[in-house]
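I am opening a notebook page on a structure that is new to me. My entries follow the order in which I looked things up.

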Amino acid sequence: MRRLGGRLDGIRRSSLRGLRRLRRVRLPPYAKYLVKRAVVLGITLVVAVYLTIVIANMGGYIDELMKRQIEFSVRQRLMQDESFQEQLRTDPEAAERRLQIEIQREIVARGLDTPFPQRSLIYLRDALTLDLGRSMWIRSTTMSQRVKDIILERLPRTVLLFTTGTVVSAAIGIYIGLHMGRKALSKFDRGMSMFAIIAQSIPPWYFGILALLVFAYRLGWFPTGGFVSKWVGVPWHIRILDILHHLVLPLACWTLSSFGSWAYLTRNMVIHILGEDFVMAARAKGVPRDLLLRRYVLRPAAPPIITMIALALIASWTGAIITETVFQWKGLGMLYWEAMGGEQIDAPVVIGLTVIYAYLLVITVFILDIIYGILDPRIRAGGGA
Amino acid sequence: MSAPPIGAKAAFKEVMGTLSGKAAFVLLALIVGMAVLVPIYAPFNVLKAWHDKTEAGPWADNPKCAAPIWAEWFVGKKLPRTIVLDDDDFRKYAYNITYPGQPPLKLIVLVAYFDYRYDEFPNHLNGFRLRVEVTTNQTACLTIKLLRPDKRAINLTETIITPESPILRIYDTDEAMKQVSERYVKYLAEKNNWNLTALGFVNMPYVIFFAKEGPSMLNPRTAEVLKGTYALYITVRVLYDLTADAKAKFVLYGRVHGWAGTDIWRRDLLIGLLWGAPVALAFGIIASVVVSLIQTLLGVISGYFGGKVDDAIQRIAELYMIIPVLPILILVAIIYGLTIWKLLALVVIFSFIGSMTKTVRSMVPSIKAEQYVLAAQSYGAGSWRIIFKHIFPRVLPYMFANIALAVPSYIFLEAALSFLGLGDPLLPTWGKILGEAEAAHAAYYGYWWWVVLPAACIGITATAFALLGYAFDKVVNPRLREL
């Protein structure tokens with residue numbers, strides 16, 4: 001978390017030389033800052049997606065798959081054509097030639113005959129415009145093979161688990177951190193610090209494996225995985241309870257693994273802020289302890305905490321593959337794994353997901369920038385960025 | 001690189017003075033101890049055998065999915081060990097019987113005794129295995145009997161052996177053994193007037209053969225073990241060939257094995273767990289040290305030179321934040337396959353700019369402004385000399401803390417990829433064992449040791465380094481200690 005926080009600060013401070021021109025345009029400083037950030041992030045997004053495409057296509061692997069797919073679909077289409085069937089009976093060689101011509105035409109139409117550097121730009125354009133194409137074999141529950149449909153179907157589940165998880169762990173972590181900081185070096189603080197450091201270094205899937213073993217398989221208190229047990233013909237309140245029941249273990253594991261960093265960072269921040277002069281002054285004035293914490297400590301601590309929340313969201317969206325796999329939670333991470341785990345890699349789904357991840361990250365960072373602007377008057381005035 | 005002015009030694013001493021430092025040291029000693037045991041308990045040839053998952057492979061004498069021996073401390077019962085009766089354990093009696101005018105007969109009797117005084121029946125997945133090999137050019141007649149302590153004898157088989165297939169293999173899971181046990185139970189039922197359907201007869205040869213006689217033996221839940229000395233009695237009769245010979249091997253699989261149990265392929269998990277220690281330590285430490293070193297160096301460069309260099313490094317840092325590293329790693333692993341070294345290279349490529357770059361970059365300007373650096377500059381020292389001799393040593397303690405704190409993340413990364421089945425194909429790692437357990441539904445079947453032990457190994461190692469990093473952090477960031 002600290003690592004990501006560090007990276008983010010770097011982005012905020014940096015400036016793009018080419019964008020200096022923007023200063024001539026008369027925009028309010030805050031808008032200018034946002035435009036600048038949007039452009040920087042946009043360029044980064046393009047580069048990141050392009051890099052992913054290049055890596056995923058290395059060795060022409062994806063292309064080979066696509067060519068094979070084209071061959072298959074063309075053959076299927078022609079087989080249903082009566083004139084082709086006729087031709088196949090009378091003159092098989094001509095039929096084969098016709099098939100090859102059709103395949104070649106399709107390959108050319110998709111731009112697969114062009115060299116890779118050129119083709120990668122086509123992929124990039126498709127990816128960036130969210131023209132994600134059709135999957136190879138994965139289908140949504142409505143049997144749609146459009147990658148967009150498949151992803152949109154899974155997205156709410158990932159958001160349900162990991163947004164809730166982030167909020168819960170942040171609330172618990174910050175609360176514990178505040179108390180640790182207030183009673184720094186007490187037994188509670190020392191014990192909690194050590195626990196927090198250890199817990200935050202352990203990923204949620206690790207807790208998940210052990211929690212499933214104990215609470216699901218041995219004790220049978222919770223389901224052993226999945227999102228719902230019964231959906232059709234069940235009243236809505238039972239559905240919600242069912243989902244909550246399934247949510248408990250993954251949520252608990254996610255919280256256990258991430259509350260530590262919140263607690264430890266909040267603690268260090270509180271200790272730091274408690275030593276500041278203005279807190280001393282407030283204390284000398286006789287401000288009650290709770291008010292002191294709320295108004296004089298929490299408020300200056302808000303920007304870093306919001307950074308942490310946003311970055312935790314980012315981390316959760318990218319790092320949820322294994323946690324979702326362990327809990328059989330059919331969200332985006334699990335979809336990723338399904339797309340890669342079959343006999344054939346479902347390349348369009350894999351690339352589509354990577355693009356979605358990249359978009360989610362960029363959007364999160366941009367929202368963060370907006371919030372920074374709101375919270376930090378220096379940025380609004382045009383001095384901070 | 002010269003010694004840092006503060007002194008790495010002093011820092012280490014201080015770290016060892018803290019409680020978390022001491023705890024980290026104890027846990028680390030444990031893991032290093034495991035790594036040291038590897039050449040003694042599981043040298044390279046054992047590692048080769050590790051990947052042999054065939055039924056007749058090197059692990060054939062181990063029970064399937066047996067718990068660790070110490071599991072019986074919890075259940076309060078004496079759980080069966082594996083009993084192996086080899087060629088030497090069988091007493092062999094050979095007779096040449098010749099009558100004038102009659103074909104010569106070779107009679108070989110193999111007898112082996114074994115004590116079975118455990119509170120549980122043999123392994124439920126595979127109770128026993130018997131292998132009889134007859135060397136002759138004639139057809140041999142073979143009978144095998146199991147003699148029980150209650151003086152009953154169970155005819156396991158009566159068969160002939162031809163020179164073309166001189167080896168007879170019997171498993172308790174064979175259909176033939178089920179018929180044997182059913183016949184035996186039916187005989188007892190007729191004698192004692194038991195109603196088999198009313199009593200709910202479940203035909204489990206490994207239970208029936210070793211159960212106390214009575215209606216309770218019909219169900220594995222109620223059956224009690226008949227403790228005592230059993231005997232295996234094998235007779236081989238061959239006509240016309242007085243040179244015939246026979247040898248037998250009997251393995252009665254137990255429910256506990258070794259200190260770490262076994263998996264579904266009968267492998268001794270202790271070997272895999274021990275091997276996981278050096279792999280995890282080496283991977284975690286090398287990845288962490290290399291990445292931290294590069295990050296620190298780039299931070300120093302970024303902070304020292306500023307300007308375009310700084311800008312470029314910041315751009316890359318931004319890019320790295322957007323790239324979804326784990327999905328890309330998985331993709332690369334699936335398409336191209338990963339060895340531990342490839343993974344290491346990828347990790348370095350995807351994280352050579354990170355938290356340390358940022359932290360160090362913010363520290364460098366103040367160090368650069370210090371008088372001894374100015375002095376060095378004034379006597380004409382070059383930038384690189386100043387960086388390596390004067391600035392780098394100053395940020396070294398921070399790097400140590402970062403190295404220790406980063407080790408768990410790399411260990412877990414490797415474990416995660418191995419868990420998904422994408423790890424190094426040759427090395428047994430803790431993550432791989434966990435992944436195999438998951439794939440074999442170990443948690444569902446209750447093979448807890450298969451999940452808990454590798455998980456514990458990963459957990460202990462991660463905890464050790466997290467504690468070490470925490471202790472270091474406290475030493476190098478004194479602000480966190482005081483109010």
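Entry 1, a pair of strands. Before reading off any partners I noted the rule that two strands pair if DSSP finds at least two bridges between them. With that in hand, and keeping in mind that this is a predicted model, I looked up strand β4 (residues 128-135) of chain B and found that it pairs with strand β9 (residues 245-252) of chain B in the antiparallel sense, over 8 bridges.

I then asked myself in what order the strands of the open sheet in chain B follow one another. The sheet has 4 strands in the order β1-β9-β4-β7, and their pairing is antiparallel. At the edges I found β1 (83-85) and β7 (167-171) of chain B, each of which has a single partner strand, so one side of each is left without a neighbour in the sheet. On average, neighbouring strands of this sheet are turned by 5 degrees against each other, direction ignored.

I noted 17 helices and 9 strands as the secondary structure of chain B. Its radius of gyration is 33 Å, well over the 23 Å that the globule rule gives for 483 residues, so chain B is more spread out than a compact globule. Taken along the principal axes, the box filled by the C-alpha atoms of chain B is roughly 115 × 50 × 40 Å.

I looked up the contacts between the chains and found 43 residues of chain B in contact with 49 residues of chain A. Several helices of chain B supply at least two residues each to the side that touches chain A, among them α9 (307-322), α14 (383-419) and α17 (448-476). The helix that gives the most to this side is α17(B), with 10 residues. By class, I recorded 32 nonpolar, 8 polar and 3 charged residues on the side of chain B that touches chain A.

I followed α17(B) to helix α8 (residues 187-200) of chain A, where the two axes come within 9 Å and cross at roughly 130 degrees. That angle makes α8(A) oblique to α17(B), and I noted that the crossing is right-handed. Which residues meet here, from α8(A) and from α17(B)? From α8(A) they are M194(A), I197(A) and I198(A), which meet T463(B), A466(B), L467(B) and Y470(B) in α17(B). The residues of this contact divide into 6 nonpolar, 1 polar and no charged.

Methods:
Residues are numbered from 1 along each chain as its sequence is written. Chains are lettered from A and ligands numbered from 1 in the order in which they are written. This is a predicted model: local features need pLDDT of at least 70, side-chain atom pairs count only at pLDDT 80 or more; totals for chains, interfaces and linings use all residues. Two residues are in contact if their C-beta atoms, placed from the backbone, lie within 7 Å. Ala, Val, Leu, Ile, Met, Phe, Trp, Tyr, Cys and Pro count as nonpolar, Asp, Glu, Lys and Arg as charged, and the others, Gly among them, as polar. Axes are lines fitted to C-alpha atoms, for helices over the stretch in contact, and angles run from 0 to 180 degrees between N-to-C directions. Angles under 35 degrees count as roughly parallel, over 145 as roughly antiparallel, 65 to 115 as roughly perpendicular and the rest as oblique. A crossing is left-handed if the near helix is turned anticlockwise from the far one by less than a right angle, and right-handed if clockwise. The radius of gyration is taken over C-alpha atoms; the globule rule is 2.2 Å times the number of residues to the power 0.38.
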